[in-house]
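Look at the model first, then read on.

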There are 2 protein chains.
Amino acid sequence: MSKKTKTFRPKARRVKGFEDRSGAILRAEQSLINAASIVFDAHGFEPLATPSFEYADALGKFLPDEERPNAGVFAIEDDDKQWLALRYDHTAPLARFVAQNYDGLAKPFRRSAVGSVWRNEKPGPGRFREFIQIDADTVGTKNPAADAEMIILAAKVMGAVPLVCEDFVININDRRLLDALLSDIGVPETEAGALQKGIVVRAIDKLDRLGERGVEFLLGDGRKDESGDFTKGAGLTPAAIGQVLNFTRAGIKQRSDTLTALQNLLGVSEYAAAALGDLKLIDALLSSAGLNDQKARFDPSIVRGLGYYTGPVFEADITLNTNDAKGRPVRFGSVGGGGRYDGLVARFKGVEVPATGFSFGVSRLAAVLASLENQQQATNGPIVVLALEPEQMSNYFAMAEELRNAGIRAEVYLGTSGMKAQMKYADKRNAPAVVIVGEDERNAGNVTVKNLVLGAKMSEKITDNTQWREGRPAQVTDKRENLITLVRASLQ
Amino acid sequence: MSKKTKTFRPKARRVKGFEDRSGAILRAEQSLINAASIVFDAHGFEPLATPSFEYADALGKFLPDEERPNAGVFAIEDDDKQWLALRYDHTAPLARFVAQNYDGLAKPFRRSAVGSVWRNEKPGPGRFREFIQIDADTVGTKNPAADAEMIILAAKVMGAVPLVCEDFVININDRRLLDALLSDIGVPETEAGALQKGIVVRAIDKLDRLGERGVEFLLGDGRKDESGDFTKGAGLTPAAIGQVLNFTRAGIKQRSDTLTALQNLLGVSEYAAAALGDLKLIDALLSSAGLNDQKARFDPSIVRGLGYYTGPVFEADITLNTNDAKGRPVRFGSVGGGGRYDGLVARFKGVEVPATGFSFGVSRLAAVLASLENQQQATNGPIVVLALEPEQMSNYFAMAEELRNAGIRAEVYLGTSGMKAQMKYADKRNAPAVVIVGEDERNAGNVTVKNLVLGAKMSEKITDNTQWREGRPAQVTDKRENLITLVRASLQ
């Protein structure tokens with residue numbers, strides 16, 4: 001063409017903190033999304049897709065300030081001088097949507113969401129600036145049955161995930177129990193008290209990592225870590241610290257036992273009575289849904305990080321213990337959670353619109369699945385039909401199509417290299433077998449199917465391959481019309 | 001809680017130029033994505049998900065300038081002063097990915113992609129700043145069989161779309177034919193010639209809208225539109241204009257006839273010979289894939305807007321003629337297309353990496369489907385189980401679960417309103433029926449199923465409903481254990 005090529009040549013590089021995803025990870029993501037969608041749909045949830053962008057003021061606490069408009073979110077100034085920001089979760093956009101369309105919605109309003117969320121943060125190992133979340137929310141009811149349904153949904157989604165479906169637990173708590181406890185202890189309902197409460201919540205959230213001893217410091221005067229950095233504590237008395245730790249230990253195997261223990265610890269408080277009443281209903285609904293004490297536990301040490309929760313909260317944990325490729329133990333931990341947030345829509349409406357929901361980190365869960373799948377070394381490439389004679393392309397296309405029509409993934413080699421390079425290509429594609437029709441086969445009306453998995457095994461045990469070669473040869477030639485039978489046999 | 005509510009109250013409003021999608025649109029989107037994914041997977045394409053952001057310099061022609069960093073794209077300056085931009089298609093990120101990972105890829109590299117793309121443009125009716133595209137691409141081969149496979153994929157995806165699967169056509173051309181024609185006419189291979197060629201391409205692209213007469217002006221001195229605005233033309237001679245229009249008319253019903261016509265028009269040129277040879281192979285492969293002349297046509301009037309195409313190009317058109325809700329005829333037109341772009345990866349690599357691919361506007365196609373579906377007035381809400389006695393919630397949950405296990409979408413009403421409001425809710429949810437267990441039913445071990453569709457019909461023809469009422473009553477009460485049978489009967 002006549003156009004001059006520019007001398008400027010950009011370097012091909014992915015933006016830092018972002019991923020290119022493919023293969024097992026992406027397949028796992030898609031199967032998770034499909035599994036969750038089926039569950040949500042069966043429960044009458046309607047999918048809702050809000051835009052990637054919201055007006056920054058609608059996102060609430062991540063309001064960009066003029067000095068650092070990108071703090072926490074990816075923000076951009078629109079032509080009309082309004083700030084837009086990419087959503088950092090699906091909950092804030094839902095609050096905006098509900099407030100904007102309140103009168104037209106059938107309430108309680110059940111919706112599901114799936115899509116990327118963005119965090120403009122320093123990336124770290126396994127921490128990305130874009131990842132996929134799946135959400136389900138019910139807006140417009142204080143009914144604890146709605147919270148119970150969320151927990152049931154979370155359990156159903158986990159139960160639909162291959163490889164981990166037997167090895168998960170939903171841990172449940174209620175924020176009001178902690179409120180009751182702190183009120184008992186004497187933390188005041190002032191701004192100073194709220195700050196103190198925040199420190200307590202964050203301390204409890206670290207139980208897993210620091211153990212009771214470390215949390216004890218954080219509940220008291222403070223804690224110096226290995227590097228010498230000091231974190232100021234909540235300043236509770238030793239007696240109060242004991243009460244808090246005692247509270248976090250109240251999670252017992254049977255849900256009913258935990259309720260009794262909590263009743264004894266907190267029963268006099270009004271907050272606690274409301275929370276315990278709701279948890280009792282939730283317990284009954286979980287039981288009638290077949291969620292036993294192994295799959296759904298009450299655990300007061302679960303607090304969830306976000307500030308906006310106002311009632312029941314829960315977390316989905318993978319309990320599977322496995323080793324990575326190097327034999328080191330892998331603990332997967334939490335892949336999602338949620339809870340009741342009655343105040344979020346009120347930011348727009350001025351009146352309280354109660355809501356409950358949960359969120360799953362799809363990317364997180366997909367990474368777990370992909371790592372488990374990799375350990376099983378799945379061979380899931382397509383059958384490759386070699387293209388040995390350029391003018392026979394129609395025949396190759398026809399064979400590949402025949403395979404697809406029989407439900408077998410297949411592709412024709414579309415490069416222009418010779419047989420050896422084509423075999424190498426098939427290997428790289430993880431093809432279980434290749435279909436070969438060269439001049440000889442064509443003249444004889446034949447087709448050759450070469451099993452690459454078997455072929456690889458044979459070359460591994462080259463000294464001891466007699467029974468392989470005789471019993472199930474890696475390569476078979478037969479009549480062209482037997483293509484499907486041959487390929488099927490080689491796939492077994 | 002102790003936290004003070006802020007007095008600042010943001011207005012709940014969607015960002016201009018963006019959509020909230022739900023209901024029929026979103027279901028149509030998902031079914032399209034699923035259908036396409038199945039087709040791509042069967043052909044051995046591997047899904048690849050690149051990040052939403054690319055470095056702006058990698059996006060090529062949309063490089064933000066310092067004055068208007070957001071021109072065309074949503075761009076943002078990262079902490080390290082590099083400009084990022086949200087992808088405006090899936091092709092530019094693919095080129096970056098291939099250049100970055102070239103040596104490790106099995107080539108030809110087949111990949112599929114699905115996801116949002118963003119355009120920072122003035123929004124208009126039906127034109128949004130974010131929409132979903134599905135792509136398939138084969139990188140690393142000049143083999144026209146790869147172009148043929150793209151066309152076959154496009155046809156398979158269209159064929160998998162309900163409602164339009166019989167009413168589409170893929171229109172195919174080759175950019176080199178136009179190059180040959182313009183070379184014949186005497187358009188030089190200079191920068192001035194490239195500009196002139198650009199005007200010709202844009203003129204041909206307007207055939208649909210302006211007709212031959214309007215395009216004739218644009219190929220000549222220029223055209224004044226209704227508003228009086230003047231568009232400068234390509235400045236071709238009347239004879240040359242005749243040749244161009246003659247060329248665009250060469251699309252004849254049979255692909256082989258079009259090839260003969262083009263051979264006669266352009267046969268002497270080297271460009272044309274290469275293009276016609278490739279189209280001949282493509283014709284043979286389409287035929288062997290069962291794509292007849294009605295489903296895939298050669299049409300020289302198809303040029304495709306993008307500048308980077310270098311060989312075969314094609315467009316998928318919906319040919320279905322239908323009327324909208326107000327009885328006005330609706331023409332759907334093009335929903336996707338693609339072609340060969342051998343120069344795109346070269347921007348990074350310096351060496352040419354041939355590639356071919358196509359892109360479908362999912363949002364566009366979903367809008368078509370949703371509008372067709374709306375005309376059919378589908379009722380696809382869930383069965384609503386009314387919650388009439390709060391302490392019976394476990395029973396309602398159990399009934400809903402029983403329905404789901406029988407493959408029936410169901411939900412429990414989770415608000416706290418009475419029976420009348422619950423019936424209204426069910427109506428708003430498009431529920432085909434409600435399940436009622438009040439105190440009477442419960443004491444008798446019964447369940448009532450009320451058919452809302454039938455109920456609505458009955459109230460419409462209130463004067464003539466005898467046969468409805470007697471033949472299939474809108475409401476049936478029977479034993480609780482017959483729940484599934486009752487609901488199934490009411491769904492028929």
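At 2% relative accessibility, Phe53(B) counts as buried. Buried means under 20% relative accessible area, exposed means over 50%, and partly exposed lies in between, with a 1.4 Å probe and protein chains only. This is a predicted model, in which local features need pLDDT of at least 70, side-chain atom pairs count only at pLDDT 80 or more, and totals for chains, interfaces and linings use all residues. Residues are numbered from 1 along each chain as its sequence is written, chains are lettered from A and ligands numbered from 1 in the order in which they are written, and side-chain values use heavy atoms, with hydrogens and water left out.

**Aromatic rings**

Over all chains the structure holds 21 aromatic pairs. Rings of Phe, Tyr and Trp (its six-membered ring) pair if their centres lie within 6.5 Å; planes under 30 degrees apart count as stacked, over 60 as edge-to-face and the rest as tilted. Phe53(B) belongs to one such pair, with Phe74(A). The ring centres of Phe74(A) and Phe53(B) are 4.9 Å apart and the planes stand at 40°, so this pair is tilted. It crosses between chains. Phe74(A) sits in the loop between β3 (53-55) and β4 (75-77) of chain A, and Phe53(B) in strand β3 of chain B. Helices (H or I, at least four residues) and strands (E, at least two) are DSSP runs, numbered from the N terminus. Phe74(A) is buried, with a relative accessible area of 1%.

Tyr308(A) and Tyr309(A) also pair, with ring centres 5.3 Å apart. Their planes are at 65°, so the pair is edge-to-face. Tyr309(A) is buried at 8% relative accessible area. Ring pairs also build a cluster from Phe40(A), Phe45(A), Phe314(A), Phe358(A) and Phe360(A).

The rule asks for NZ of Lys or CZ of Arg within 6 Å of the ring centre and within 35 degrees of the ring normal. Lys295(A) lies over the face of Phe168(A), 4.9 Å from the ring centre. In chain B, Lys107(B) lies over the face of Tyr102(B), at 4.2 Å from the ring centre.

**Where the chains meet**

How many residues of chain A are in contact with chain B? The count is 100 residues of chain A, in contact with 101 residues of chain B. Contact means heavy atoms within 4.5 Å. The size of an interface is often given as the accessible area lost when the parts come together. Chain A and chain B bury about 8800 Å² between them, 54% of it on carbon and sulfur atoms. Buried area here is the accessible area (1.4 Å probe) that two parts lose on being put together, summed over both.

Across this interface the rule finds 53 residue pairs in polar contact, both at pLDDT 80 or more. A polar contact is a pair of N or O atoms within 3.5 Å; within protein, one must be able to donate a hydrogen and the other to accept it, and residues adjacent in sequence count only if both atoms are side-chain atoms. Helix α1 (residues 23-42) of chain A gives the largest share of the side of chain A that touches chain B, six residues.

Pro51(B) is found in the loop between β2 (46-49) and β3 (53-55) of chain B. Pro51(B) is buried, at 1% relative accessible area. Not counting residues up to four places away in sequence, Pro51(B) touches several residues, including Arg14(A), Phe18(A), Glu130(A) and Arg87(B).

**Salt bridges**

Side chains of opposite charge can pair when their charged atoms come close. A salt bridge is a side-chain nitrogen of Lys or Arg within 4 Å of a carboxyl oxygen of Asp or Glu. The structure holds 68 salt bridges over all chains, and the rule finds 22 across the interface of chain A and chain B. Some of them are listed here.

| Residue | Partner | N to O distance |
|---|---|---|
| Glu46(A) | Arg429(B) | 3.1 Å |
| Arg96(A) | Glu54(A) | 2.8 Å |
| Glu46(B) | Arg429(A) | 3.1 Å |
| Arg340(B) | Asp147(B) | 3.0 Å |

Both Glu46(B) and Arg429(A) are buried. They are also part of a salt-bridge network, among whose members are Arg27(A), Glu401(A), Asp41(B) and Lys156(B). Arg340(B) counts as buried at 4% relative accessibility, and Asp147(B) is buried at 2%.
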